[in-house]
Amino acid sequence: MALRVQCPDKPPPRQFVARRALLAAAMLLLTTGCQPDPGEAAAAHVRTASGLEAGGRLDEAVAELAAAIALKPDDAELRRLRARLLLGAGNGKLAAVEINTAIRLGMPRDDLLPDLAEALVLEGQPLEALDLARPPDQLPAGTPPKLRVRHASVRALALLATRNADAADVQAALLQVFRLVDESGDTGKAESARFTGLRRSTPAVERAWQHHACRSAVPVRYPAAGDSAKPAGRVLRVG
């Protein structure tokens with residue numbers, strides 16, 4: 001009867017062990033240490049959203065910011081950015097949710113009052129919006145110019161959306177917007193673009209702008225002596 005001698009298993013080759021260790025280390029790094037940094041990934045989504053917004057693709061930009069928020073849900077600034085895009089897209093309801101979340105996360109409520117007011121305008125509540133968007137002359141002295149313009153702008157929008165609003169009140173609010181935009185320079189570009197668009201579709205805005213343009217006209221000056229006989233004129237600042 002033949003005896004079967006069972007030999008012990010041979011140890012695996014050293015190079016196989018090394019490869020297996022490297023593979024295990026690589027898998028560990030993939031599942032732990034090599035995941036993208038949430039802050040960097042969120043910033044990439046914000047950059048993509050900015051490009052999409054510039055191209056007028058607001059819905060896609062909103063989705064990119066939603067992806068950024070999923071990575072950093074407690075970032076109040078991301079919430080504010082998404083709310084701004086939602087306002088531009090006409091979604092006041094979701095914008096209000098993001099604004100209130102930003103406030104809960106620590107962003108000053110006073111800084112977001114115009115955004116909340118605009119959300120109310122979009123939701124068909126202009127009278128409630130007027131309670132939040134204060135007249136610029138009633139704001140504290142240290143209010144930043146950009147925030148002052150936002151209050152004036154949203155207040156004018158709320159009056160335009162108010163049924164049977166006094167025409168004089170509407171014109172006064174619009175004139176205040178145009179004056180503040182002129183004074184604020186680059187900080188008022190967004191609101192200037194908004195009302196430039198409204199001039200084409202809203203007669204009250206066009207009338208107010210024409211009135212503002214006439215009031216803002218400056219005399220033409222002819223420094224040369226030979227030009228004194230030229231008729232006096234005025235130059236309109238066309239925005």
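A crossing of two helices is left-handed if the near helix is turned anticlockwise from the far one by less than a right angle, and right-handed if clockwise. In this structure, α3 passes α4 in such a left-handed crossing. The model is a predicted one, in which local features need pLDDT of at least 70 and side-chain atom pairs count only at pLDDT 80 or more, while totals for chains, interfaces and linings use all residues. Residues are numbered from 1 along each chain as its sequence is written, and side-chain values use heavy atoms, without hydrogens and water.

**Helix packing**

Helices here are DSSP runs (H or I, at least four residues), numbered from the N terminus. Their axes are lines fitted to C-alpha atoms over the stretch in contact, and angles run from 0 to 180 degrees between N-to-C directions.

| Helix pair | Angle | Axis distance |
|---|---|---|
| α2 (residues 38–54) and α3 (residues 58–71) | about 170 degrees | 8 Å |
| α3 and α4 | roughly 160 degrees | within 9 Å |
| α5 (residues 92–104) and α6 | about 165 degrees | 8 Å |

Angles over 145 degrees count as roughly antiparallel. α2 and α3 are therefore roughly antiparallel to each other. Contact means heavy atoms within 4.5 Å; between these two helices, it involves residues including Ala41, His45 and Leu52 of α2 and Leu58, Glu64 and Leu71 of α3. By class, the contact of α2 with α3 has 12 nonpolar, 2 polar and 3 charged residues. Nonpolar covers Ala, Val, Leu, Ile, Met, Phe, Trp, Tyr, Cys and Pro, charged covers Asp, Glu, Lys and Arg, and the others, Gly among them, count as polar.

α3 and α4 are likewise roughly antiparallel, as follows from their angle. Among the residues that make their contact are Val62 and Ile69 of α3 and Arg79, Leu85 and Gly88 of α4. This contact has 11 nonpolar, 1 polar and 2 charged residues.

The angle between α5 and α6 makes this pair roughly antiparallel too. Their crossing is left-handed. Residues including Gly92, Ile99 and Asn100 in α5 meet residues including Arg109, Asp115 and Leu122 in α6.

**The largest pocket**

A pocket is an open set of points on a 1 Å grid over the protein atoms alone where a 1.4 Å probe fits, with protein on both sides within 12 Å along at least five of seven lines; lining residues have an atom within 4 Å of a point. The largest pocket is lined by 28 residues, and Arg84, Arg150, Ala190, Glu191 and Arg194 lie nearest its centre. Helices α4 (76–88), α6 (109–122), α8 (145–161) and α10 (189–201) each supply at least two lining residues. The largest share, 7 residues, comes from α6. By class, the lining has 15 nonpolar, 2 polar and 11 charged residues.

Key: Parallel < 35°, antiparallel > 145°, perpendicular 65-115°, else oblique.
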